[in-house]
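Please look over the sequence and the model shown below before reading on. The report that follows takes up the chain as a whole and then turns to particular elements.

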Amino acid sequence: MNYIETQAIIIGGGATGAGTLRDLTLRGINSVLIEKNDIASGTTGRNHGLLHSGARYAVKDLESATECIAENRILKKIARHCVEDTGGLFVTLPEDDPSYHGKLLASCKFAGIPAHELSTKEALALEPNLNPDILSAIRVPDGTIDPFRLASANVLDSTERGGRIFTHCDVKSLIKEGSAVKGVQCYDRVKGMDFEIRGDIVVNAAGVWGQHICGLAGVELKMFPSKGSMVIIDYRINNIVVNRCRVPADGDIIVPGDTVSIIGTTSKKIEYNEIERLIVDDDEIEVLLADGEKLIPHVSKTRVLRAYCGVRPLVDISGDIKGRDISRGIVLVDHEERDSTGGFITIAGGKLMTYRLMAEMTANLVAKKLKVKKKCSTHRIPLPGSEKKIQPMKQIKKFTGIPGSVTGSTLYRHGQRVHNILTKDRKNYGLICECEMVTAGEIEYALKNLNVKDIVDLRRRTRIGMGPCQGELCSYRAAGLFVEFEAAGAKDANIMLKDFLEERWKGIKPILWGDSLRETEFTYWIYQGLFGLGDIPEGDGKK
Ligand SMILES: Cc1cc2nc3c(=O)[nH]c(=O)nc-3n(C[C@H](O)[C@H](O)[C@H](O)COP(=O)(O)OP(=O)(O)OC[C@H]3O[C@@H](n4cnc5c(N)ncnc54)[C@H](O)[C@@H]3O)c2cc1C
């Protein structure tokens, strides 16, 4: 595999790149995606997974708000198994400007976002953990979306239709002939090998790294890297997305997701050269916990599981403005038109929420250049797993002999693909991760079908190690299964295990107090005291 030829090459396996790969494949355009780490390992896997109704932007950014509500309706149909239709609340606290409530209602109406005023009693009945002192509440069609599942389902649909993806492969340079881009030169970090892909069009969907990719093409695109941090608490303290009814600011949203709740977010402008060395600062954690507690007082009684951050891939189009004020708008650049550099397109900005729309806009431009007439169909063809509306009780009954909690969790994560996972083989039902109810069968399915190269990738496909114990009791079992299912040798499985625990550690370190500290000590005793994992030799440095 030293040389590949195709029509379109996509750089970046976040939601935007994955969505573009799917859209192009559905139009019959031969496409290859290159991702330097794993699917959804960039900003796509580092947000709070809010399925925006658009209300958050309604007062200040009408364009983003209307895009959000349109995509909200589409994603609830095509990505059912990635979405939880939780609904959302905007609540006013005694210290907030009460006039924002009216402004938000009026702006939502203008943007076509269904927003209804609730009495405080009604709001508290819907979300009993809410601060009982709230002054007013508005209900909106917010929801949650699992970014890992979403990006992976886009890739799966494409690869099942002939699209190709190479993960853990870095685009090192672009191949240019004259002023036109003709392909990419890549390095496979797992195999330690260089390879080349040539194609008619190269799509730069590298998110905040898009600035660097443009540099490789010899054109300029300035990003505005805005860091946001979030904390995860160890169980779901809310079932509805809770937003503070005020101009968006730090610590004003709590999003439930899977088994946990996420408090978000901050906004700090960072330098472009800092994007690879992201750190959650202590003051950010303090703000998030203090403001989170104002929305849901229960926050102070929970254990913080981890903290993490991401960088918004915003494009600096307007000079001197603050991170939160910069447009969330989509930026599609035809470099042939703008820079006289043919065969090169950049798609950036936007949100997870608008990934499909961004992919559609990009694929429209690619199709036009390649003179392909087929139109976009991603708004009507469901993603694999989301073909039918899930009726959990009906499905659970079908799998007789398997605990409902196992079927329910597998169904929740993989939708209709549950039938490929829970087979008749009883061995498949063995629980590997008790926090998230991940079975050996689900791991086998992920290893064989979902581009999994290591345990960190496996976490993104199955949620293994993402629950309250943070991998303490499941990761060594998962490493064993890599060997059993012939996805790795014993030596590599040990290295993967070490890398996985190191990766978990990064998010635990900033919140190391109380029960988290106790749990971490216990994990250390198991993996260093019992297994001596810290003493195994380093890998060969390929990844
Ligand atoms: C704190 C925070 C909270 C947010 N919350 C929300 C939310 O709740 N809802 C919402 O809709 N949006 C949210 N967003 C925005 C959303 O996360 C992003 O807009 C979206 O995920 C960007 O996706 P992307 O695919 O464009 O970029 P990315 O996900 O960053 O993908 C780019 C990919 O390119 C790869 N890459 C880079 N360089 C190379 C190379 N040389 N070779 C190969 N691959 C390369 C990277 O590894 C990366 O995987 C949030 C963002 C932040 C920071």
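## The chain as a whole

What percentage of the 543 residues in the chain do buried residues make up? In this predicted model, buried residues account for 54% of the 543 residues. Among contacts between residues at least 6 apart in sequence, 72% join residues that are at least 24 apart.

The chain contains 18 helices and 24 strands. Its radius of gyration is 23 Å, close to the 24 Å that the globule rule gives for 543 residues, so the chain is as compact as a globular protein of that length. The C-alpha trace spans about 65 × 55 × 45 Å along the principal axes of the chain.

## Helix 1 and helix 6

Two packed helices are described by the angle between their axes and by the distance between those axes. For helix 1, formed by residues 15-26, and helix 6, formed by residues 147-160, the packing angle is about 25° and the axes are 8 Å apart. Because an angle under 35 degrees counts as roughly parallel, helix 1 is described as roughly parallel to helix 6. The crossing of these two helices is left-handed.

On the side of helix 1, the contact involves Ala15, Ala18, Gly19, Leu21, Arg22 and Thr25, which meet Pro147, Leu150, Ala151, Asn154, Val155, Asp157 and Ser158 of helix 6. By residue class, this contact of helix 1 with helix 6 divides into seven nonpolar, four polar and two charged residues.

## Helix 16 and helix 17

Helix 16, residues 475-484, and helix 17, residues 490-508, have axes that come within 9 Å and cross at roughly 150°. Since angles over 145 degrees count as roughly antiparallel, helix 16 is roughly antiparallel to helix 17. Helix 16 passes helix 17 in a right-handed crossing.

Helix 16 contributes Ser475, Tyr476, Ala479, Phe482 and Val483 to the contact, while helix 17 contributes Ala490, Ala493, Asn494, Met496, Leu497, Phe500 and Leu501. The residues of this contact comprise 10 nonpolar and two polar, with no charged residue among them.

## Glu160

Glu160 and Lys491 are 331 residues apart along the chain, and their C-alpha atoms are separated by 32 Å.

How values were computed. Residues are numbered from 1 along each chain as its sequence is written. This is a predicted model: local features need pLDDT of at least 70, side-chain atom pairs count only at pLDDT 80 or more; totals for chains, interfaces and linings use all residues. Axes are lines fitted to C-alpha atoms, for helices over the stretch in contact, and angles run from 0 to 180 degrees between N-to-C directions. Helices (H or I, at least four residues) and strands (E, at least two) are DSSP runs, numbered from the N terminus. Angles under 35 degrees count as roughly parallel, over 145 as roughly antiparallel, 65 to 115 as roughly perpendicular and the rest as oblique. A crossing is left-handed if the near helix is turned anticlockwise from the far one by less than a right angle, and right-handed if clockwise. Two residues are in contact if their C-beta atoms, placed from the backbone, lie within 7 Å. Ala, Val, Leu, Ile, Met, Phe, Trp, Tyr, Cys and Pro count as nonpolar, Asp, Glu, Lys and Arg as charged, and the others, Gly among them, as polar. The radius of gyration is taken over C-alpha atoms; the globule rule is 2.2 Å times the number of residues to the power 0.38. A residue is buried if 20 or more other C-beta atoms lie within 10 Å of its own, exposed if 12 or fewer, and partly exposed in between; C-beta atoms are placed from the backbone.
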